[in-house]
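Hi,

Here is the structure I promised to pass on. Have a look first, and my notes follow below.

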Amino acid sequence: MRIASLLASATEIVHALGIGDQLVAISHECDYPPEALDKPRVSRSRFDPAGMTSAEVDQAVRRAMREHGAVYELDSERLHAAAPDLILTQGVCEVCAVPTTLAEEAVVALEGRPEVLSLDAHTLDEILESIIRVGETAGVAARAGAYAAELRERMEAVRGRVTDRPARRVVAVEWLEPPFVPGHWVPEMFAMAGGVLLAGEVGGPSRETSWADLAGTDPDVLVVMPCGYGLEASRREADAHAAELQALASRAVEEDRAYVVDGSSFFNRSGPRVADGVELLGALLHPERFRQVDLTGRAERWVRKNKAD
């Protein structure tokens, strides 16, 4: 089977299931695993986010949606040349990745009318179900079922290690200008790791809010996890909004329980690395129980520049 992935998490799923050799095309956002990155890229953004602040990205996204109805576009010629039998896409968020509607429009012009499989996961269970669906469609159902069970076992093991610990009250910030709080599967990830989000809804979309609305929450822990940003970019965004974060979570900041994380790899994607994300959160919320978890390049304590270590 020839597979085209228009979704970064789908590319990760394909490789995790051991069928990466069937991948013939990927999206512009796919950046993991390294062995997938030499495939033709068949999508592109309508703007270049490199060097933009979160406010500038937000404005560019809103402009693209207003003017074009989509943030991304497909390279029809490259997609045609890849000749996929299966196209993996998503319907969760039109801002995050190529939506199903664009893929379905492109299929009309392709020979053989490849199957479009939309992975519309909004919860952890649905992420695991997506893995199983990809495996079933690609002919490796048993392998996918076993892998999904392995991921579930890893996440449940984290829950088991914190059940006797007091839940940490957490504010997680998924975008900073304007501020957004997380939805979909992210609140579940915090719950499994022994925390409770003070803003955000399981299964619902990420929600725009305001710093004023978050004021007074006084979380035990602050986690800055901008959507699509790696660790270094998350740190820059936190530093740029230091005053707001300090006002929001002064106790967490002063007690060294404020963190920036690689949101793109471990939290924003509906793929296999959510299990790594749950383990990572365990180490942030209850470090005494997860000393073996390596935070290097994944998460770090955030300290205001004028505060000494």
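**What I found**

Let's start with helix 9 (residues 231-240), where L231, A233, S234, E237 and A238 are buried (under 20% relative accessible area with a 1.4 Å probe, protein chains only; exposed is over 50%, and partly exposed lies in between). Looking down the axis of helix 9, those buried residues fall within an arc of 165° (taken from the directions from the axis to the C-beta atoms), so they line one face of the helix. The face turned away from that buried side carries the exposed E232 and A240.

Before going on: this is a predicted model, with local features needing pLDDT of at least 70 and side-chain atom pairs pLDDT 80 or more, while totals for chains, interfaces and linings use all residues. Residues are numbered from 1 along each chain as its sequence is written, and side-chain values use heavy atoms, without hydrogens and water.

Helices (H or I, at least four residues) and strands (E, at least two) are DSSP runs numbered from the N terminus.

There's also an open sheet of four strands, in the order 2-1-5-6 with parallel pairing (pairing takes at least two DSSP bridges between two strands). Strand 2 (23-25) and strand 6 (115-118) are at the edges with a single partner strand each, so one side of each has no neighbour in the sheet. Strand 1 (residues 3-5) and strand 5 (residues 86-89) pair over three bridges, and I3 has L86 as its bridge partner in strand 5.

Cheers
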